[in-house]
Amino acid sequence: MKFISEKNFGPERFISFLLFGFILSLFILTGHSQSYSQQRAKVKKTPEPAAAQQKKTRAQAPPVSLFDAAFEKEISEFEFIDKMTDEIEFMRIYTALADDMSKLKGAFAAAVRSADKNYTACLSTAKTIHRRELATARDRIKNNRAPERAESLKSLLLSIEQEHKNYYESEANKVKNIFKSLFDSFNASYAIQKKFLISNTTYDSATSEIMLALGIFETGIKEKSARVENYISGKFNAVGNGVDHGDK
């Protein structure tokens, strides 16, 4: 099947205003929360020299891609139904829904860019703050010969590790919610649009060719949403396990 986007026509397109809602909600969800380093300000750390801080500021790392190239290419392709006929009633339905697909594709690209920023920030925290905290705690345990003190430090290390785990889970949920909100909003708006367009037409039947084709498309959207969520969980779990920043 080939994705074809065309300009819509007909008065029924007032339904498409619903799509602005889910696109807007996407950008609201992409706002960043207070930085993790600020939340952990209570932990005492040796301040870096001003020169080192300035060097870090000048050498900001570029955003890291959350999705690998092959996976991103696959999930960003939204294949819509082929044109089955040039009959005017079918074309009215087809062009309206094809326009919705085009909007979804644009919103999805924005979601990917936002997710990359979240993932980059998380990975940076893992490589700097978390790595330093764990290394310090482990060195103290290794160099402390007093049994009672060593046990206390081990408890502190477990507490730090759990705090890090909670942070990674929270960041993963933020990114998953970006895509969940996008797909859920699209599915809701799309269902209303489809019902309005197809009602009282020759295609308003569960067994009509267009309804069967749309059903296959909608199932594909749900499967894509689940795959994206599972992928995100795997990537953030990898960060938590030190795979992407060499902690373990």
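How many residues has helix H6, and how far does H6 reach from its first C-alpha to its last?

**Entry 1: basis.** I note that this is a predicted model, in which local features need pLDDT of at least 70 and side-chain atom pairs count only at pLDDT 80 or more, while totals for chains, interfaces and linings use all residues. Residues are numbered from 1 along each chain as its sequence is written, and side-chain values use heavy atoms, with hydrogens and water left out.

**Entry 2: H6.** I looked up H6 (residues 147-198) and found 52 residues reaching 75 Å, close to the 76 Å expected at 1.5 Å a residue. Helices here are DSSP runs of H or I with at least four residues, numbered from the N terminus. The expected span is 1.5 Å times one less than the number of residues. Just after H6, I found asparagine 200 with a positive phi of about 60°.

**Entry 3: H5.** I then turned to H5 (residues 88-143), whose 56 residues should span 82 Å at 1.5 Å a residue; the end C-alpha atoms of H5 are 80 Å apart, which agrees. At alanine 126, H5 bends by about 35°, the bend being the angle between axes fitted to the seven residues ending there and the seven starting there. At the start of H5, I located a side-chain oxygen of glutamate 87 within 3.0 Å of the backbone nitrogen of glutamate 89.

**Entry 4: H5 with H6.** I looked up how these two helices pack: their axes come within 11 Å and cross at roughly 180°. Axes are lines fitted to C-alpha atoms, for helices over the stretch in contact, and angles run from 0 to 180 degrees between N-to-C directions. H5 and H6 are therefore roughly antiparallel, a term for angles over 145 degrees, whereas angles under 35 degrees count as roughly parallel.

**Entry 5: H7.** I recorded 32 residues for H7 (residues 209-240). H7 reaches 47 Å from its first C-alpha to its last, close to the 46 Å expected. Just after H7, glycine 242 takes a positive phi of about 85°.

**Entry 6: H7 with its partners.** I found H5 and H7 packed at about 5°, with axes 12 Å apart; the two are therefore roughly parallel. In contact (heavy atoms within 4.5 Å), residues of H5 including Phe90, Leu97 and Tyr119 meet residues of H7 including Ile210, Phe217 and Lys235. H6 and H7 pack at about 175°, with axes 9 Å apart, and are therefore roughly antiparallel.

How values were computed:
Polar contact = N/O pair within 3.5 Å; in protein donor to acceptor, adjacent residues only side chain to side chain. Parallel < 35°, antiparallel > 145°, perpendicular 65-115°, else oblique.
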